[in-house]
Amino acid sequence: MTTHPDPDDPYRDADARYLEREAELHAPFLEQAAARLRDLALYGDHTLARVDRILDLGGGPGVASCLLARYFPNAEVVAGAPSTALRVRTGVRARREGLGHRVRTHRDDLPADLGALGSADLVWAGDVVHHLGDQQAALDSLARVLRPGGVIAVVERGLSPRFLPRDIGIGRPGLQARLDAAHEDWFAELRATLPGTRAAVEDWPAMLARAGLVPTGSHSFLIDLPSPLDAAPREHLHAELTQRRALLAERLDAQDRATLDALLDTDADTGILWRPDAFYLAATTVHTARACTRR
């Protein structure tokens, strides 16, 4: 299939590949989360006889969509994304895994298109709500999408990845903590510019309850890849540090920028592609809630 670049596409193919590699790295967490959702939706209190329609919102490259399709074999999975590059990757993955007849893509522009997605028994909102200006209004809209007894899973925050010791032998110790602080400042400024942005205490179970849903718990999933890392996670970390170097350069001092340059050197033993002390440790939290059977 031949595709042509969309000038309005928020993601280039390289960005889509980055997100796909990250999702593949997080596949163990996604497997555990999908299994937990299956138990909650179908076996928890038996309010749903089956799951026929799933909305995967978050603009991902199809890793979560295909996992959800496997764990809910009766369901049609609609993967919503504003990006052509992401939708193409989702379609390719679904066909490769023999799921092309049940996983379909939908171009959406959130939050404007939330009301046009149709109803669903299960909604997976993977790292998407925090990109919407009015987070409570977004959850209110998603609550209206759920069919009676349906379940929503909101993936938001957890613990930022750690992949290097505090002291890596170059630059000042504590580089990752400073990168996290700079990124938090950047993200706070970004959120302030989102259309219709409203400040909210990000107590996700309370926000889901205010949306008229019944919170069913929060669960954190650990992703633990000890050193020495294989090539794939190292390549992802190189891409991650490349993004951070470009995004946060003006927020870092000269010494930290030099340290990042050393970590990004593909030929040096100080680089992330070769260091024996590189690892990957992160935690992702999923908050779930159920729609009442009578609405």
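# Side-chain interactions and backbone exceptions in a predicted model

Arg157 is partly exposed, with a relative accessible area of 43%, where buried denotes under 20% relative accessible area, exposed over 50%, and partly exposed the range in between (1.4 Å probe, protein chains only). This is a predicted model, in which local features need pLDDT of at least 70 and side-chain atom pairs count only at pLDDT 80 or more, whereas totals for chains, interfaces and linings use all residues. Residues are numbered from 1 along each chain as its sequence is written, and side-chain values use heavy atoms, with hydrogens and water left out.

**Backbone exceptions**

- Arg157 has a positive phi of about 60° although this residue is not a glycine.
- Arg157 belongs to strand 5 (residues 146-162); helices (H or I, at least four residues) and strands (E, at least two) are DSSP runs, numbered from the N terminus.
- Asp127 likewise is not a glycine and has a positive phi, of about 55°.
- The loop between strand 4 (120-126) and helix 5 (135-145) contains Asp127, which is partly exposed at 38% relative accessibility.
- A cis peptide bond runs from Ser227 to Pro228, with omega near -5°.
- Pro228 is located in the loop between strand 6 and helix 8.

**Salt bridges**

- The model has 23 salt bridges, each defined as a side-chain nitrogen of Lys or Arg within 4 Å of a carboxyl oxygen of Asp or Glu.
- Arg89 and Glu20 form one of them, with their closest N and O atoms 2.6 Å apart.
- This pair links distant parts of the chain, since Arg89 is in helix 4 (residues 84-96) and Glu20 in helix 1 (residues 13-25), 69 residues apart.
- Both partners count as buried: Arg89 has 18% relative accessibility, and Glu20 has 5%.
- Glu24 and Arg17 form another salt bridge, in which the closest N and O atoms are 3.6 Å apart.
- Glu24 is partly exposed with a relative accessible area of 34%, and Arg17 is also partly exposed, at 29% relative accessibility.
- Between Asp39 and Arg38 there is a salt bridge whose closest N and O atoms are 3.8 Å apart.
- Asp39 is partly exposed at 37% relative accessibility, and Arg38 is partly exposed at 27%.
- One network, joined by salt bridges that share partners, consists of Arg17, Glu20, Glu24, Glu31, Arg70, Arg89, Arg93 and Glu97.

**A buried arginine without a salt bridge**

- Arg234 is in helix 8 (residues 231-248).
- Which side chain of opposite charge is nearest to Arg234? It is Asp277, at 6.6 Å, and Arg234 is buried yet has no salt bridge; in this accounting Lys and Arg count as positive and Asp and Glu as negative, while His and the chain ends are not counted.
- A polar atom of the Arg234 side chain lies 2.7 Å from the backbone oxygen of Arg275.
- Leaving aside residues up to four places away in sequence, Arg234 touches Leu229, Ile272, Leu273, Trp274, Arg275, Pro276 and Ala278, contact meaning heavy atoms within 4.5 Å.

**Aromatic pairs**

- A pair of aromatic rings is described by the distance of the centres and the angle of the planes.
- The count is two aromatic pairs; rings of Phe, Tyr and Trp (its six-membered ring) pair if their centres lie within 6.5 Å, and planes under 30 degrees apart count as stacked, over 60 as edge-to-face and the rest as tilted.
- The rings of Phe29 and Phe221 have centres 5.6 Å apart and planes at 50°, so this pair is tilted.
- Because Phe29 lies in helix 2 (residues 27-44) and Phe221 in strand 6 (residues 214-225), the pair ties together parts that are 192 residues apart in sequence.
- Phe29 is buried at 4% relative accessibility, and Phe221 is buried with a relative accessible area of 4%.
- The rings of Trp186 and Phe187 have centres 6.4 Å apart and planes at 45°, so this pair is tilted as well.
- Trp186 is partly exposed, with a relative accessible area of 24%, whereas Phe187 is buried, at 13%.

**Cysteines**

- The structure holds zero disulfides, a disulfide being a pair of cysteine sulfur atoms within 2.5 Å.
- Cys66 is buried at 1% relative accessibility, whereas Cys292 is partly exposed at 33%.

Terms used: Polar contact = N/O pair within 3.5 Å; in protein donor to acceptor, adjacent residues only side chain to side chain.
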